[in-house]
Amino acid sequence: MIRYSEDKEIDQSQLEALFLSVGWESGKVPDRLQRAIRGYDTVITAWEDGRLVGLIAAMDDGEMTAYVHYLLVHPKFQSHGIGGELLERLKAGYAGYLKIALIGEHPAAKFYAAHGFVMEEKASPMYFFPDQKDR
């Protein structure tokens, strides 16, 4: 059975394992990742038998806009509704905000669309990497 939590205190090794399971670079710096997770306004996690299997994290301005930075589910637990449940819980927490934004990779677009997100045709995601050593 999946248990959901909003506790931001997550063991580094659990974070590392989850992020590396989906091939995300953040998992290679678990100490920084753990500090970053603690800094988000909203963090919701999914657990099975003490194992971190999913996570969503967002930052917000406290009134109008929230930005989803992370949404990931361990590959062995994908397609079981965990990502959708994490997203719906986050959306409920930001009810009343004007906008919840995210940058989804193209394969995930259908998933986000199924949860009410729409593509912004007049905008493109852009990035600046101040520390090119991490790239």
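**Entry 1: Leu86 and the cores**

Which residues does Leu86 touch, not counting residues up to four places away in sequence? I found Tyr4, Ile44, Thr45, Ala46, Gly54, Leu55, Ile56, Leu71, Leu72 and Val73, where contact means heavy atoms within 4.5 Å.

Before going further I noted the basis of the work. The model is predicted, so that local features need pLDDT of at least 70 and side-chain atom pairs count only at pLDDT 80 or more, while totals for chains, interfaces and linings use all residues. Residues are numbered from 1 along each chain as its sequence is written, and side-chain values use heavy atoms, with hydrogens and water left out.

I then looked up the nonpolar cores, each a set of buried Ala, Val, Leu, Ile, Met, Phe, Trp, Tyr and Cys residues joined through side-chain atoms within 4.5 Å. Here buried means under 20% relative accessible area, exposed over 50%, and partly exposed in between (1.4 Å probe, protein chains only). The largest core has 18 residues, and Leu86 is listed with Ile56, Ile82, Leu90 and Ile100 as having the most contacts inside it. Strand 2, strand 3, strand 4 and helix 3 (82-93) each supply at least two residues of this core. Another core, of 14 residues, lies apart from it and includes Leu15, Val43, Leu52 and Ala57. I recorded the general background that nonpolar side chains tend to be buried together in soluble globular proteins.

I took helices (H or I, at least four residues) and strands (E, at least two) as DSSP runs, numbered from the N terminus. In helix 1 (residues 12-21), I found Gln14, Leu15, Leu18 and Phe19 to be buried. These residues lie on the same side of helix 1, because they cover an arc of only 120° around the axis; the arc is that of the directions from the helix axis to the C-beta atoms. Their cover includes helix 2 (30-39), strand 2 (42-48), strand 3 (51-60) and strand 4 (65-73). Just after helix 1, Gly23 takes a positive phi of about 75°.

In helix 2 the buried residues are Pro30, Leu33, Gln34 and Ile37. They span an arc of only 100° around the axis, which puts them on the same side of helix 2. I noted that these buried residues pack against helix 1, strand 2, strand 3 and strand 4.

**Entry 2: Two buried loop residues**

I looked up Tyr40 in the loop between helix 2 and strand 2. Tyr40 is buried because its relative accessible area is 7%. Leaving aside neighbours within four places in sequence, Tyr40 is in contact with Lys8, Ala57, Ala58, Met59, His69 and Tyr70. Tyr40 and Ala57 are 17 residues apart in sequence and 6.4 Å apart in space, C-alpha to C-alpha.

His74 is in the loop between strand 4 and helix 3. Its relative accessible area of 11% is why His74 counts as buried. With neighbours within four places in sequence left aside, the contacts of His74 are Leu18, Ser21, Arg51 and Val53.

**Entry 3: Salt bridges**

How many salt bridges does a search of the whole structure find? I recorded four, a salt bridge being a side-chain nitrogen of Lys or Arg within 4 Å of a carboxyl oxygen of Asp or Glu.

I looked up Glu25 and Lys28, whose side chains meet at 3.4 Å, N to O; both residues are exposed.

In helix 3, Glu85 and Arg89 are four residues apart, about one turn of the helix, and their salt bridge is 2.7 Å, N to O. Glu85 is partly exposed, because its relative accessibility is 30%; Arg89 is partly exposed at 37% relative accessibility.

Lys91 and Glu88 also lie in helix 3, three residues apart, about one turn of the helix. Their side chains form a salt bridge of 3.1 Å, N to O. Lys91 is partly exposed at 24% relative accessibility, and Glu88 is partly exposed with a relative accessible area of 33%.

**Entry 4: A surface patch**

Which residues form a nonpolar patch on the surface? I found Ile103, Tyr127 and Phe129, with about 290 Å² of accessible area together. Ile103 lies in the loop between strand 5 (99-102) and helix 4 (109-114), and counts as partly exposed at 37% relative accessibility. Patches are made of residues with over 30% relative accessible area and no salt bridge, like charges being joined within 9 Å and nonpolar side chains (Val, Leu, Ile, Met, Phe, Trp, Tyr) within 5 Å. The accessible areas come from the Shrake-Rupley method with a 1.4 Å probe, and for residues only the protein chains shown count as cover.
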